[in-house]
Amino acid sequence: MSEKISEAELVVMEALWERAPQTAADVADRVAAGRDWSVQTVKTLLSRLMAKDVIAADQDGRRFLYRPLVAREEYVASESGRLVNRLFGGRVSPLVAQLASQDQLTAEDIAQLEEILKGLKS
């Protein structure tokens, strides 16, 4: 992915990844909890996402049905790579060290990391 998705756009993407296709009104209903967004705000966000080529709209009568063009896994991989490149020079170990130094790794996290590393070594 070449274009960065804003936090507000990510909320809309999460709704579309959860269920697609959806109308703008459907998306607005899904993201309304805890936000004071109108349908027009959601339509603006949908337009921005279309301009970034991460969603598409198919006309269905007088309405549009929106669907993601980018899988959530693809987005997570892209954003993870950007984070590691921008803050840690492309190296993952300083990221893990930072998380560990802030006591942000649970015992379960550590066990999962050990399993991942064990799988990479074999």
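At what angle do helix H2 and helix H3 pack, and how far apart are their axes?

## Helices H2 and H3

In this predicted model, helix H2 (residues 24-31) packs against helix H3 (residues 39-51) at an angle of about 110°, and their axes are 9 Å apart. Angles of 65 to 115 degrees count as roughly perpendicular, so H2 and H3 are roughly perpendicular to each other.

On the H2 side, the contact is made by Ala 24, Val 27, Ala 28 and Val 31. On the H3 side, Val 39, Val 42, Lys 43 and Leu 46 take part. Sorted by class, the residues of this contact are seven nonpolar, no polar and one charged. Residues three or four places apart in an α-helix point the same way, because the helix has 3.6 residues a turn.

## Helices H1 and H3

H3 also meets helix H1: the axes of H1 and H3 come within 10 Å and cross at roughly 85°. That angle makes H1 roughly perpendicular to H3. From H1, the contact involves Ala 8, Glu 9, Val 12, Met 13 and Leu 16. From H3, the contact involves Leu 45, Leu 46, Arg 48 and Leu 49. The contact of H1 with H3 has seven nonpolar, no polar and two charged residues.

Helix H1 covers residues 7-18. At 1.5 Å a residue, its 12 residues should span 16 Å, and the end C-alpha atoms are 17 Å apart, which agrees.

The buried residues of H1 are Glu 9, Leu 10, Val 11, Val 12, Met 13, Ala 15, Leu 16 and Trp 17. What covers them includes H2, H3, strand S1 (55-60), strand S2 (63-68) and helix H4 (72-88).

In soluble globular proteins, nonpolar side chains tend to be buried together. Here the largest nonpolar core has 21 residues, of which Leu 46 and Ile 55 touch the most other members. H1, H2 and H3 are the elements that give two or more residues to this core. With seven residues, H1 gives the most.

Which residues does Leu 46 touch, leaving aside those up to four places away in sequence? They are Val 12, Leu 16, Ala 24, Ile 55 and Tyr 66.

## A residue in helix H6

Ile 110 lies in helix H6 (residues 107-121). Its relative accessibility is 38%, so Ile 110 counts as partly exposed. Ile 110 and Ala 100 are 10 residues apart in sequence, and their C-alpha atoms are 9.3 Å apart in space.

Note on methods
Residues are numbered from 1 along each chain as its sequence is written. This is a predicted model: local features need pLDDT of at least 70, side-chain atom pairs count only at pLDDT 80 or more; totals for chains, interfaces and linings use all residues. Side-chain values use heavy atoms; hydrogens and water are left out. Axes are lines fitted to C-alpha atoms, for helices over the stretch in contact, and angles run from 0 to 180 degrees between N-to-C directions. Helices (H or I, at least four residues) and strands (E, at least two) are DSSP runs, numbered from the N terminus. Angles under 35 degrees count as roughly parallel, over 145 as roughly antiparallel, 65 to 115 as roughly perpendicular and the rest as oblique. Contact means heavy atoms within 4.5 Å. Ala, Val, Leu, Ile, Met, Phe, Trp, Tyr, Cys and Pro count as nonpolar, Asp, Glu, Lys and Arg as charged, and the others, Gly among them, as polar. The expected span of a helix is 1.5 Å times one less than its number of residues. Buried means under 20% relative accessible area, exposed over 50%, partly exposed in between (1.4 Å probe, protein chains only). A nonpolar core is a set of buried Ala, Val, Leu, Ile, Met, Phe, Trp, Tyr and Cys residues joined through side-chain atoms within 4.5 Å.
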